[in-house]
Structure formats: C-alpha cells, structure tokens
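Open the model in your viewer and keep the selection tool ready. The stops below follow one another, each with something to pick out.

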Amino acid sequence: MTSLPAKTGKKLGLVIDLDICVGCHACAVNCKEWNTGGHSAPLTDSDPYGAHPSGVWFNRIHTFEVVSDEGDSRTVHFPKSCLHCEDAPCVTVCPTGASYKREEDGIVLVNGDTCIGCKLCSWACPYGAREYDEDAGVMKKCTLCVDRIYNETLPPDMRVPACVSTCPAGARSFGDLSDPDSDVSRLSADRGGYALMPEQGARPVNRYLPPRPRKTVAEEALGGAGLTPVADDKAGLMARWLDKILSM
C-alpha cells in the first residue's frame, strides 16, 4: 500500500462559491479540453454524440433543489472533482503505488504507467471523484492542471487550473490553503467555507462557500439596489417634496 507524506509544503486546492455558481458547465468543458492533452491525456469518450454518451470527466456539476425549513426552495449547482484530501484513502489503498500525494504541494495524482485498473481507489474515495478510463484500463482524476499551474511559458494570471480560468461567474478560486494569509484562505474564512463530508475523515483540502440567504420579493424591491425605505423625518419630507415637484 502507498504511504502519505507526513506533511506537505503547500495545500493547493480550490474554493468554490455555491452562491454564484450558475451551473453553466464551462469549468467542466474547459477542464476536458485542457486535460485531453494534459497530464493524464487522453480523456476518452464512448459514443459522445449518441444516445448514451459516457467518458472521463475530471469535473462534474450536480444540480439540486434545496428546500428550507420555511418551505422556500432554490436551485444550487454543485461542482465536484477530486478534493486532494490530506488523508486520502485512495492513496493508502493503492496496491501498486500508482496513486500518490505529492509532498511539495499536496496534489494527489495517478501514475498511469503503474496503475493496474483494479479500481480499489474509486471504491475507497468517499466523494466518487475517480474516473475509470475504459480504453486505457487505468484510473484518472483531477490533477489541478499540474502541467499548467507550473508552466512558466504562460502569463502568471493563467497559471491556474483550467476550470478556474474559464469560470464566467468567478465562482472558483485557486491557491494555497495551508497559508492563512492567502487569498483563498481569507475568502474561505470570511464566508464560512466548509469541507465536504468531514465525517468521512479524509480531510479534503477544497472548500465550499455556502449560498447566502435569499431576500424576499419585498426585501429585493426595497434593498436589492442598495435602497432603504425613506424615513419620516425632515430628510424624508424634503425627498417627498422634491419628488412631487419633479413629477408635475
């Protein structure tokens, strides 16, 4: 079985804002495009234009209807990929050492040359983040675009995972979550970022930002654009007087 590093130099990961993800699947599509020629390429497909397409996708978006205790409902789009866990069970269960966690940055990868396709890692992963490539006979997964984030031929602002660079809503952020002063750590702390299914004990690095409470229609009408009801004081009287004059 494979051992995990006692400590990693960094904890590179994603922070995903569920409040502003619109479920457009741009992250999944760009991930597929980049990684078809990336570290774990190719990402094979079966019957991609037929009635029952299937294939390898590192990033998948699930959509749920969430109902509050008061009966209010909302749609939440939930992107999910490998969470690069600190206590990654997919690594410790691997019989050949093909699954491993990098000591320098904490990224979990698969060595396709030594993977035997036994699928033990996919059974051990509590998040269902492993993808079996039927053509290659090996397991594949999100690499955090390791061949991109360290690519010095790219401009610095492009050295982020493909899913982050393409998100039109800015719902995805990337950085070192071991550094409390990093942008992603501050964002997670400010918004109450949480780890997915902590009861599994895998200690995932990625964080999710919870959706903010939605305002009622009346609240949106009054405060949606930063407006507040006019108080019944001298300023309010003057505002109503001006409104009356201008409407004549």
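This is a predicted model: local features need pLDDT of at least 70, side-chain atom pairs count only at pLDDT 80 or more; totals for chains, interfaces and linings use all residues.

Residues are numbered from 1 along each chain as its sequence is written, and side-chain values use heavy atoms, with hydrogens and water left out.

**Stop 1: the second largest pocket**

Select Leu4, Pro5, Ala6, Lys7, Thr8, Gly9, Lys11, Glu86, Asp87, Lys101, Ser178 and Arg203; these residues line the second largest pocket. On a 1 Å grid over the protein atoms alone, a pocket is an open set of points where a 1.4 Å probe fits, with protein on both sides within 12 Å along at least five of seven lines; a cavity is a set from which the probe cannot get out, and lining residues have an atom within 4 Å of a point. The space inside this pocket is about 160 Å³. Volume here is the space filled by probe spheres set on the points, and points are joined across faces, edges and corners.

How many residues of each class are in the lining of the second largest pocket? There are 6 charged, 3 polar and 3 nonpolar residues. Asp, Glu, Lys and Arg count as charged; Ala, Val, Leu, Ile, Met, Phe, Trp, Tyr, Cys and Pro as nonpolar; the others, Gly among them, as polar.

**Stop 2: salt bridges**

Keep Lys11, Glu86, Asp87 and Arg203 selected: salt bridges link them in a network. A salt bridge puts a side-chain nitrogen of Lys or Arg within 4 Å of a carboxyl oxygen of Asp or Glu. Zoom in on Glu86 and Arg203, where the closest N and O atoms are 3.5 Å apart. This pair links distant parts of the chain, 117 residues apart: Glu86 is in the loop between strand 5 (73-80) and helix 2 (89-92), and Arg203 is in the loop between helix 6 (183-191) and strand 11 (207-209). Helices (H or I, at least four residues) and strands (E, at least two) are DSSP runs, numbered from the N terminus. Glu86 is partly exposed at 21% relative accessible area, and Arg203 is partly exposed at 44%. The cut-offs are under 20% for buried, over 50% for exposed and partly exposed in between (1.4 Å probe, protein chains only).

The whole structure holds 12 salt bridges. Next, pick Arg60 and Glu131, with closest N and O atoms 2.9 Å apart. Arg60 belongs to strand 4 and Glu131 to strand 8 (residues 131-133), 71 residues apart. Arg60 is partly exposed at 34%, whereas Glu131 is buried at 10%. Then show Lys140 and Asp133, a salt bridge of 2.9 Å, N to O. Both Lys140 and Asp133 are buried.

**Stop 3: aromatic rings**

Show Phe64, Phe78, Tyr194 and Tyr208, a cluster linked by ring pairs. Rings of Phe, Tyr and Trp (its six-membered ring) pair if their centres lie within 6.5 Å; planes under 30 degrees apart count as stacked, over 60 as edge-to-face and the rest as tilted. The structure has 3 aromatic pairs. Phe64 and Phe78 are edge-to-face, because their planes are at 75°, with centres 6.4 Å apart. Phe64 is in strand 4 and Phe78 in strand 5, 14 residues apart. Phe64 is partly exposed at 45%; Phe78 is buried at 12%. Phe78 and Tyr208 are stacked, at 4.5 Å centre to centre and 15° between the planes. Tyr208 is in strand 11, 130 residues from Phe78, and is buried at 1%.

**Stop 4: helix 1**

Select residues 26-35. Which residues of helix 1 are buried? They are Cys27, Ala28, Asn30, Cys31, Lys32 and Asn35. Their cover includes strand 2 (45-46), strand 4 (60-67), helix 5 (162-166) and strand 10 (172-176). Contact means heavy atoms within 4.5 Å.

**Stop 5: two single residues**

Pick Val108 in strand 7 (residues 108-110). Val108 is buried, at 1% relative accessible area. Beyond four places in sequence, Val108 touches His84, Cys85, Ala88, Cys90, Val91, Tyr100, Lys101, Arg130, Lys141 and Cys142. Its C-alpha atom is 9.1 Å from that of Glu86, 22 residues away along the chain.

Finish at Glu103, in the loop between strand 6 (99-101) and strand 7. Is Glu103 buried or exposed? Glu103 is exposed, at 52%. Leaving aside neighbours within four places in sequence, Glu103 is in contact with Pro5, Lys7, Thr8 and Gly9.
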